[in-house]
Every structure is written in structure tokens, then in C-alpha cells.
Amino acid sequence: MDYKEAHGARIPVLGFGTFMLKPADARRMVESAIDIGYRHIDTAQLYRNEMDTGAAIAASGVDRADIFLTTKVWIDRFHAGDLEASADESLERLGTGYVDLLLLHWPNADVPLEETLEALMRVKQAGKAKHIGVSNFSTALVQQAVEIIGAEQLVTNQVEYHVFLSQQKILAQARQFGMLATAYCPLAQGKVMGNETLRGIGDKHGKSEVQVALRWLLQQDSVIAIPRTRNEAHARANFAVFDFMLDDAEMRRIDRLLGDDRQIDPGIAPVWDRP
């Protein structure tokens, strides 16, 4: 496993996501992922699988300190007091005294960002979250957050990012502020499979389109990725990306696939940064 660092956080570059995994699937897959070698697990209040995610970590036999655990506060708990209470509830469900990273899951224009960030900071100061960050924030919103609490407090902006969605503005800002960009939906919900460019590059390395798409992300400065799957064989294949490298020409060929093909765009989304 490789690691990348931001503001004191040392994070495994490849994590296992639990989005849309039912509780039983989350427990089964997190246990499997840890057995495979994943040491970065991502969940959220919204996913309703924190309890089973935590149980899987506890049952793994791996020291809690060796697992980088992320969860996220849902937007209906962003008011001061309520956010802190929601963090306590998450810790109870997870069965741990702290998370390594606590994120704001989406922006919420109905609650002042200053109020929410100050509450998030209180959770960190209490030792219940070692690090904090944001998710699905535009560059404008990250700029506001930095002005409120300082760039050194923010470890990551977790956003959709894959070979079909350019996030160059998000990446440039993350690097400017010393943050990481965490790529969710890194396989474009399976759309990478069958892509001729990825397949051709993969054939040279004895790898699949999926593995090439993940390798492309991990070779970029300040980028980490959290693929999700219900299939143990796929989880194992996703992990097999540390034994090859893409050369500069291959990276550029993949760069040419970038566009504005967003997979996740709910009504609560901010005004996105466009390519």
C-alpha cells in the first residue's frame, strides 16, 4: 500500500467505499477488503451501514490504529450542537472512540458554513475526529471554508472523479492548499469497462480497464481513490494496482478521455466547477 499525506494525515491511497452497500453487504465486504489488504475504509451516516462497518473492522483482527476510517455528517445535522451530537452517534454505531477523518457530506446552503465548520472543529478538538474535511464542495465553497478555518485544517475534498470527468480546477485548488482530492465513483459506475483506450493500455500491462483507470488516478499528485464493490473478486482485482506503472504517454492518452460525464448529481449539489 502507498500513502499520501496532507496536514498531518497519512492516508492509504486506495480505500474501500461502502456507498449503497446494505448493512450485511457492508460487513461482509469490509471484512473481505481488510483481509485483502485495504487499510482505508469509507462510510457515512447516510449509508446506514456504520454499525456493520465498525463491526467488520473490530472482527478483522487488525489493530484499530492501522485502519484509516472515514465517515461523513449528513446535511440535516449541520447546525451547531446537532453536528457534535451526530458525531457521537456515529462513533457509537462504529464502536470506536474516534474516526480518522470526518467530512461534511454535501454543502448545505440553509446553514451558515461558518456555524457548521466551527462545530466540525469542536469535534476535532475533542479528539473524536483526528482530521476533518469536506465532500462535494465546489472550489468556491472550499475557498470559503479556508477563509473560515484555514487550509491547514482541511485534509481533503472528496468528489466524483474518474477518466470521463475532468476535475482539474478541484485538483489545482487542493494542491494549492496542501489538501488531497479523494476520488469517489472512480470507475464511473462501471463505464470504464469496455473503453478501447483503457483496454489497449491494459493489454500492454496484463491489466483490466478498471485497473488502468484506478492506476491513472493514483499516479496523480494529491489524488487518492475509494472504489466500491459488492463482489469480493472485484475488490481483490481493484487492489492489484501497485505492481505496474503507466508511463507519461499512457497517462496523456487517458487524459484525453476527460470530459464532463458526471454520474452523481442530486438536487442538493452545488454549482459545479465545469471543465
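Biologist: Which element supplies the largest share of the lining of the largest pocket?

Modeller: A pocket here is an open set of points on a 1 Å grid over the protein atoms alone, where a 1.4 Å probe fits and protein lies on both sides within 12 Å along at least five of seven lines, and a lining residue has an atom within 4 Å of a point. In this structure the largest share of that lining, three residues, comes from α9, while α8 and α9 each supply at least two residues. Helices (H or I, at least four residues) and strands (E, at least two) are DSSP runs numbered from the N terminus. This is a predicted model, in which local features need pLDDT of at least 70, side-chain atom pairs count only at pLDDT 80 or more, and totals for chains, interfaces and linings use all residues. Residues are numbered from 1 along each chain as its sequence is written, and side-chain values use heavy atoms, with hydrogens and water left out.

Biologist: How much space lies in the largest pocket, and which residues are closest to its centre?

Modeller: A volume is the space filled by probe spheres set on grid points, which are joined across faces, edges and corners. For the largest pocket this comes to about 730 Å³, and among the 33 residues that line the pocket, Cys185, Pro186, Gln189, Pro227 and Arg228 are closest to the centre. The lining divides by class into 17 nonpolar residues (Ala, Val, Leu, Ile, Met, Phe, Trp, Tyr, Cys and Pro), three charged ones (Asp, Glu, Lys and Arg) and 13 polar ones (the others, Gly among them).

Biologist: How many residues of helix α8 are buried, and what covers them?

Modeller: Buried means under 20% relative accessible area, with a 1.4 Å probe and protein chains only. By that criterion 10 of the 10 residues of α8 (residues 209-218) are buried, including Arg215 and Trp216. What covers them includes β1 (3-6), β9 (180-184), α7 (196-205) and α9 (232-239).

Biologist: Which residues have the most contacts inside the largest nonpolar core?

Modeller: Such a core is a set of buried Ala, Val, Leu, Ile, Met, Phe, Trp, Tyr and Cys residues joined through side-chain atoms within 4.5 Å. The largest one has 91 residues, and Phe16, Leu104 and Val192 have the most contacts inside it. Helix α8 gives the most to this core, with seven residues. Contact in general means heavy atoms within 4.5 Å, and, neighbours within four places in sequence aside, Phe16 has contacts that include Leu21, Met29, Tyr38, Pro227 and Ala235.

Biologist: Is asparagine 49 buried or exposed, and what does its side chain reach?

Modeller: Asparagine 49, in the loop between β4 (40-42) and α2 (50-59), counts as buried because its relative accessibility is 0%. A polar contact is a pair of N or O atoms within 3.5 Å; within protein, one must be able to donate a hydrogen and the other to accept it, and residues adjacent in sequence count only if both atoms are side-chain atoms. The side chain of asparagine 49 reaches the backbone oxygen of threonine 18 at 3.0 Å, and it makes a polar contact with the side chain of threonine 43 at 2.7 Å.

Biologist: Where is the place of glutamine 173, and which backbone oxygen lies 2.8 Å from a polar atom of its side chain?

Modeller: Glutamine 173 sits in helix α6 (residues 168-176) and is buried, with a relative accessible area of 8%. The backbone oxygen in question belongs to threonine 139.

Notes. Buried means under 20% relative accessible area, exposed over 50%, partly exposed in between (1.4 Å probe, protein chains only).
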